[in-house]
Amino acid sequence: MSINTLYGPETLSQFLAINFDYIIVGGGTAGLLLAARLTENPNIQVGVIEAGRLKKDDLNVDDPARLARTLYNPEYDWLYRSTPQTGTNDKVHHVARGKLLGGSSGINYMAYCRPAAEDIDLWETLGNKGWSWKELMPYYLKSQSLETVNGMKAPRGQTLCRDVPQSHGHRGPILTSYPRRRALFEKRVIRAFDETSNIPRPKDPWSGRPLGLYDHLSTIRRDDGATRSYAASAFLYPNFRRENLKVLTEATVCKVLLDKQFKAEGVELFCAGTMHRIFASREAILSAGPVQSPRLLELSGIGNPKLLRRADIDCVLPLSDVGENLCEHPMTSITYALDETKSSRDNLHLCQEACDDDTSDGVSLMAFLPYSSLVSPKELEETVSKVTQSTQLLEQERDSVIARLRDPGSGALQFNGITAMVDIGVGHADQSKLIADTSGHENTYYSFHVTTTSTLSRGSTHVASSDPFAAPAIDLGLLRDPTDVDLLCAGLEFADKVFSSSHVSDQVVTRVIPSPDVDLGDREQGCRFVRDWTTSFNHLLGTCAMGRVVDERLRVKGISGLRVVDASVIPTQISGNIMATVYAVAEKAADLIKEDCDLSTEYY
Ligand SMILES: Cc1cc2nc3c(=O)[nH]c(=O)nc-3n(C[C@H](O)[C@H](O)[C@H](O)COP(=O)(O)OP(=O)(O)OC[C@H]3O[C@@H](n4cnc5c(N)ncnc54)[C@H](O)[C@@H]3O)c2cc1C
């Protein structure tokens, strides 16, 4: 491989000798996109520092069917653990985070989803000028390409709604595609889902109105088999020859270096057994993700003085929202055993033992449903009244949640259909086991993941000590707010009705999870199950929130020359899987940085 971009520990001294304009901390989802966009200008020198390794041509990353091998594996995953979560009966959850070039986009489930327009518009309502759906939409398009294979976007007659070409990117580096096949049984599930929900197909779920049932897009390249498309393959490998882009791997940044005028000068990093310092003439940019970016601010003395004192860190700048406002989607599931003789054996093959055969088409259905369509008017108003008492949200956030719950046109619950058994009982502690190995079972299985879109619970992530290698204290806040439990119960009751439909019932042997004796129509029983069977959907965000920790140009408040660009700046919970939004935020950030440093006029 002929590259001049990459530096491992063996060439550290050369990396340290370069005069960088920008240092990007973290070569992950946002960090590599940013590095690629900034180095489009050959006069700008960018250095990326990544704690993980280069995993080019690594089958566990590239082959979607092998992704479970990357989870709970220190070669790819930071292996964080949550604090005990009172909302889930004191369980400690595995908090998976990618530790490789590409970051979490290199180990994630590859669901490409866009939120509702009102989710993004709320950012602007909160005072973040320039961050509305209309202004962010071009950046979703810029990073994405909707892939066609043999001239088709999906096998003929297979997509559930027609694509609107202008709602997709066609030249972006991240390739997205539809599943190439559908399990026979799933065709019946679609009919049952439609009949039970009575919600028409979305006209265009990609333009800010994701309501109803539609096909799941994945960040998978399918022109030659199935290969993960992620930040490293899209933004780094094609740019390996750029002279002005250097990447140092296996190097952990431990703090930001600040001068007496509160300007970021560079960073301190640990590599090849010792500490080093490196300086940036323009800016240091934290793209270390929603756990590590706030952690690096705290290790540098920026945060809540009380918490810093407890960790034995001198406070340089009080900024009490650092590490707070952690938003996460709580995920529960329901599983049915199917009659093998009547349904085709379509397993997801995500489990470690059974993943070698083929395919990556196990998750093909995505749906958002309004809460008001799932509960009685009385239950809706009871839930709304609980939301009004919620103390963790800003007033505008609370109002937007209430509006969503009442709006028959807004999705409050997300459903994903999976041809596999989801085992949260084991998987909450080790996500490589989330999809159960059912090879050798008599039956096949079908599950729905159920999650909320506007989670009310909030958590936090903070340093536990001044040791940069000590594990952070991550409180996911799972089900802290009882409203989140109510919503999940309503979602499970709906899914159960889908499976009682005559379209599928002749193939259903039994409900396996929860056991058939749990009455999901009874809220008390439903709530008990939800608290026992809910885990993280891996969508952590909000811990360096725009408006609170960074301004609308993503500059850390009170410090010059320091930005945060990753999932942590997203200020409020958004609907659905968040990766597409992380890419869009990073695309916009690249333009903001170019504008601020007048890069556009220097080169373009
Ligand atoms: C298991 C899993 C499944 C998911 N599934 C989906 C999905 O299907 N669809 C979806 O939309 N979203 C999904 N997500 C969420 C999505 O992948 C993430 O939200 C997104 O990738 C986060 O991007 P980021 O840039 O904020 O952080 P990351 O991509 O995690 O990047 C952070 C980078 O910084 C590096 N780093 C951290 N600390 C340091 C340090 N001190 N020094 C140097 N480097 C450092 C890390 O190693 C990493 O490479 C999933 C996430 C996970 C973990």
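Helix H13 (residues 482–500) has 19 residues and spans 28 Å from first to last C-alpha, close to the 27 Å expected at 1.5 Å a residue, the expected span being 1.5 Å times one less than the number of residues. Of these 19 residues, 15 are buried (20 or more other C-beta atoms within 10 Å of the residue's own, C-beta atoms being placed from the backbone). Helices (H or I, at least four residues) and strands (E, at least two) are DSSP runs, numbered from the N terminus. The model is predicted: local features need pLDDT of at least 70, side-chain atom pairs count only at pLDDT 80 or more, and totals for chains, interfaces and linings use all residues. Residues are numbered from 1 along each chain as its sequence is written.

**Ligand shell**
- The ligand is surrounded by 42 residues, the closest being Gly26, Gly28, Gly103, Asn577 and Met579 (C-beta atom, placed from the backbone, within 6 Å).
- Helix H2 (29–38), strand S14 (251–258), helix H8 (289–299) and helix H15 (579–596) each contribute at least two residues to this shell.

**Domains**
- Domain 1 comprises 1–55 + 100–150 + 231–328 + 541–597, and domain 2 comprises 182–215 + 330–458 + 481–536; the bounds come from an automatic or database domain assignment.
- Their contact takes 18 residues from domain 1 and 20 residues from domain 2 (C-beta atoms, placed from the backbone, within 7 Å).
- On the side of domain 1 that touches domain 2, helix H4 (residues 117–125) gives the largest share, 4 residues.
- The C-alpha centres of domain 1 and domain 2 are 32 Å apart.

Technical notes:
Buried ≥ 20, exposed ≤ 12 C-beta atoms within 10 Å, placed from the backbone. Contact = placed C-beta atoms within 7 Å.
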